[in-house]
Amino acid sequence: MNGNFNMLAKTLYGFEPLLAKELRNLGAGNVKQGVRNVAFEGDLGFLYKANLNLRTALRVLRPIARFKVFNEKQLYRQVHQIDWPSLFDVDKTFAIDTTMNSEVFKNSMFVSLKAKDALVDRFREEVRKRPNVDSQHADVRINIHLQENDCTVSLDSSGTSLHQRGYRIATNIAPINEVLAAGLLLLSGWDGRTDFMDPMCGSGTFLIEAAMIACNIPANINRQEYSFQHWLDYDDSLFNKIGDASLGKTREFHHKILGYDKAPSAVRKAQENIANANLTEYITVERKDFFTTEKPVAGKLQMVFNPPYGERLNIEMEKFYQKIGDTLKQGYSGTDAWLITSNLEALKYVGLRPSRKIKVFNGPLESRLVRYEMYEGSKKIKKQK
């Protein structure tokens, strides 16, 4: 695996340009956007760097074989031809995930099972032993992608999804995915140059991701494990060197990051997670009802939040969204306010015209990230300046 090779980073819908930009900034070669993924090139050190640093990637795949398949025998034969014992030790556990869009095979479980048989047989023939499957906590994860007759087999270098950053132990009723939170912050233009607020902060994900972006802290520095650490070519000293170099690029942050929540349990959970992420010095969380507050800072304020959807939390939608608009109008001039919601109907009750609407998905829910610009004074004054 020496030298440069092809890789593929998976992401959420709409985040492809963000991920491509992140990869270019890190130094990736030949960056190409796909649908929910970005292809790129780099060496083994870059694979470590990508896993550590990418904020909008869910996983980083390393393709090891591409071939055509027209039936199950061909699938078995082609997977069997891969030199699996040169990639990982027989004592490691493994799991195979299959994603497919194919008329040839009807069932992704069947494809995974057939590939598992081929891999296990290859080990038996060469080392007289077989590795065990562990679908939940596998050391080595393998990804099979079938597009009609085209099959790509990849090593999944990340293991568990990269949204599992390692800092969030306590969550509330509807926590936002960390990769989604980071992507929304980047879409909102957050760069750490103003004060920041999440007025409905829940377990603190937006606050933590905002602080990590502001200080340029590697997104996954708190993770304990990656799948590539179980590969035979894993280079521990190189990984540590990449980690130290990434941490060496952090920067100072001279503004405030504030979180409010009216539930004491949410405030407690947010504080625990912030402490786990070692970010207590940058973030303040208070128990407050946003609807009774005014802007707590003098200068420009950036706000990003995820109000309750009514999917899992029982609230009066019309009144709730009307109060969001009223609070912003009355108490938050000089604020760039962004919110995500899947309740497109509820947005009508905010009573403000959004200056931007971006289509995103929160899990399976089609949502909008909307921006309300609360000017200092009126818009007319703004234009005359």
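Tutor: Begin with burial: a residue is buried under 20% relative accessible area, exposed over 50% and partly exposed in between, with a 1.4 Å probe and protein chains only. This is a predicted model, in which local features need pLDDT of at least 70, side-chain atom pairs count only at pLDDT 80 or more, and totals for chains, interfaces and linings use all residues. Residues are numbered from 1 along each chain as its sequence is written, and side-chain values use heavy atoms, leaving out hydrogens and water.

Student: Is Phe206 buried or exposed?

Tutor: Phe206 counts as buried because its relative accessibility is 2%. It lies in helix α6; helices are DSSP runs of H or I, at least four residues, numbered from the N terminus.

Student: Which residues is Phe206 in contact with, leaving aside neighbours within four places in sequence?

Tutor: Contact means heavy atoms within 4.5 Å. Those touching Phe206 include Ala181, Leu184, Leu185 and Phe305.

Student: At what angle do α5 and α6 pack?

Tutor: Axes are lines fitted to C-alpha atoms over the stretch in contact, and angles run from 0 to 180 degrees between N-to-C directions. Helix α5 (residues 178-187) meets helix α6 (residues 205-214) at about 60°, the axes being 9 Å apart. Among the residues making this contact are Ala181 and Leu185 of α5 and Phe206 and Ile213 of α6.

Note on methods:
Helices (H or I, at least four residues) and strands (E, at least two) are DSSP runs, numbered from the N terminus.
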